Amino acid sequence: MGRLPAAVALGSLFNPLNSSMISVALARIEAEFGVGVAAVTWLAAGFYLVGIMVPPVMGALADRFGARLVFCAGLVTMGVTGVLAALAPSFPVLVAVRLLQAFGSCATMPAGMAIVQAVMPGEDGRPPPRVIAMISMVLTASAAAGPVLGGFLVALGGWRAIFLVNVPLAALAFAVALRRLPRVRAEGARAAALPRPSAGLLATCGQFALGNVVFYVAFFAVPLWAQSAAGLPAQLAGLLVLPLAGLGMVVTPLAVTLTRRAGMRKVLVLGSALLLAGSCVMLAARTVWPVLVAGALLGVAAALTQFALNSLVFVHAGRRETGAAVGVFQASRYVGAGTAAVLLGVLFDRTGLDGGGWLMAGVSVVVLAGAVLLPVRRPAASGGDRSDP
């Protein structure tokens, strides 16, 4: 049972990894093409826009035409665009390839989870918790590790290296997918083009979007502050986000045990409370060590909340719409990321983290209230309440 989730996790890491890895390469790309900061940021903003619009469509295609086909097509796209981006002769070509790369990266997660749901259905309407935990852990870790890996790649091989690294990774993931992913029955014409989301699914995705506003404000603000105020080089600035990844990987398995013993509601509330605590520490931080403490708290919070919310997608989505529902959930990550980027651009102060900290704290209060009110049970009309209390 572990080989299938590992194959899905390997294929799904491209989206969060490539969404964050670009951050350390923008300065080099801007300098080479001479396009200006406003233009070069479209390499990140365009990726986020595609990340908002495309995952539900990719999920619906997986439900309709076959999840394995869509999953493998996404990996092929990642490999091809890795080569094309590294060879891009001009900035417009690079932007076009980057958008195509976003399409490919958005295909694997919804298609992969549709396979998992078909092969490993649980009695409570979701796959086994340990499977969700593994995939959640990979997504959280790859997003937070992106700037660190990107920093070393740029230092070793220039900005083109962050695109080329996708080629061997995609080849490996493709080989594993062909060997490990089964063909599951597609719904064909019976599958809706897009899901008709339930109130519970919409609430779950909204909660995830808000949580990602907090996560990505810290994710963007900390490296900026470290370079502009603390005077750290880019490589060390990227390392400051490691607590978001490292502790997330450690805590996600613990989230499975906590959910089993205490229930989904308490895990959501605990994660949201830690999100608020980390935001408050970030608000008061003036040196590197408090920033690391804040990052640790946010890493634990992200692990707990992402596991819980990822699980609730399967509670509130119909089995025939799993791919599309996971696509909507994936899109909500980039609603949060895009919102964070826009707001941080207005609020960030190069001398401190106050502006970003106040934003994080305010949104965290809303997230905590949502954790108390979010429906965590399957509606009786959908077959009874079989989820965790």
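Colleague: Are Phe 33 and Phe 91 buried or exposed?

Modeller: Both Phe 33 and Phe 91 are buried. Buried means under 20% relative accessible area, exposed means over 50%, and partly exposed lies in between (1.4 Å probe, protein chains only). A word on the source: this is a predicted model, where local features need pLDDT of at least 70 and side-chain atom pairs count only at pLDDT 80 or more, while totals for chains, interfaces and linings use all residues. Residues are numbered from 1 along each chain as its sequence is written, and side-chain values use heavy atoms, with hydrogens and water left out.

Colleague: How do I read an aromatic pair, and how many aromatic pairs are there?

Modeller: A pair of aromatic rings is described by the distance of the centres and the angle of the planes. Rings of Phe, Tyr and Trp (its six-membered ring) pair if their centres lie within 6.5 Å; planes under 30 degrees apart are stacked, over 60 edge-to-face, and the rest tilted. The count here is seven aromatic pairs. In one of them, the ring centres of Phe 33 and Phe 91 are 6.2 Å apart and the planes are at 55°, so the pair is tilted. Phe 33 belongs to helix H3 and Phe 91 to helix H7 (residues 91-119), so this pair ties together parts 58 residues apart in sequence. Helices here are DSSP runs (H or I, at least four residues), numbered from the N terminus. Ring pairs also link Phe 33, Phe 91, Trp 159 and Phe 163 into a cluster.

Colleague: Which residue forms a salt bridge with Arg 160?

Modeller: A salt bridge is a side-chain nitrogen of Lys or Arg within 4 Å of a carboxyl oxygen of Asp or Glu. By that rule there is one salt bridge: Glu 32 pairs with Arg 160, with the closest N and O atoms 2.7 Å apart. Glu 32 sits in helix H3 (residues 26-33) and Arg 160 in the loop between helix H8 (129-157) and helix H9 (161-164), so the pair ties together parts 128 residues apart in sequence. Glu 32 is partly exposed, at 44% relative accessible area, and Arg 160 is partly exposed too, at 23%.

Colleague: What about helix H1: how many of its residues are buried?

Modeller: Eight of the ten residues of H1 (residues 3-12) are buried, so to speak a mostly covered helix. Among the buried ones are Leu 4, Pro 5 and Val 8. The buried residues of H1 pack against H2, helix H6 (67-86), H7, H8 and H10, where contact means heavy atoms within 4.5 Å.

How values were computed:
Helices (H or I, at least four residues) and strands (E, at least two) are DSSP runs, numbered from the N terminus.
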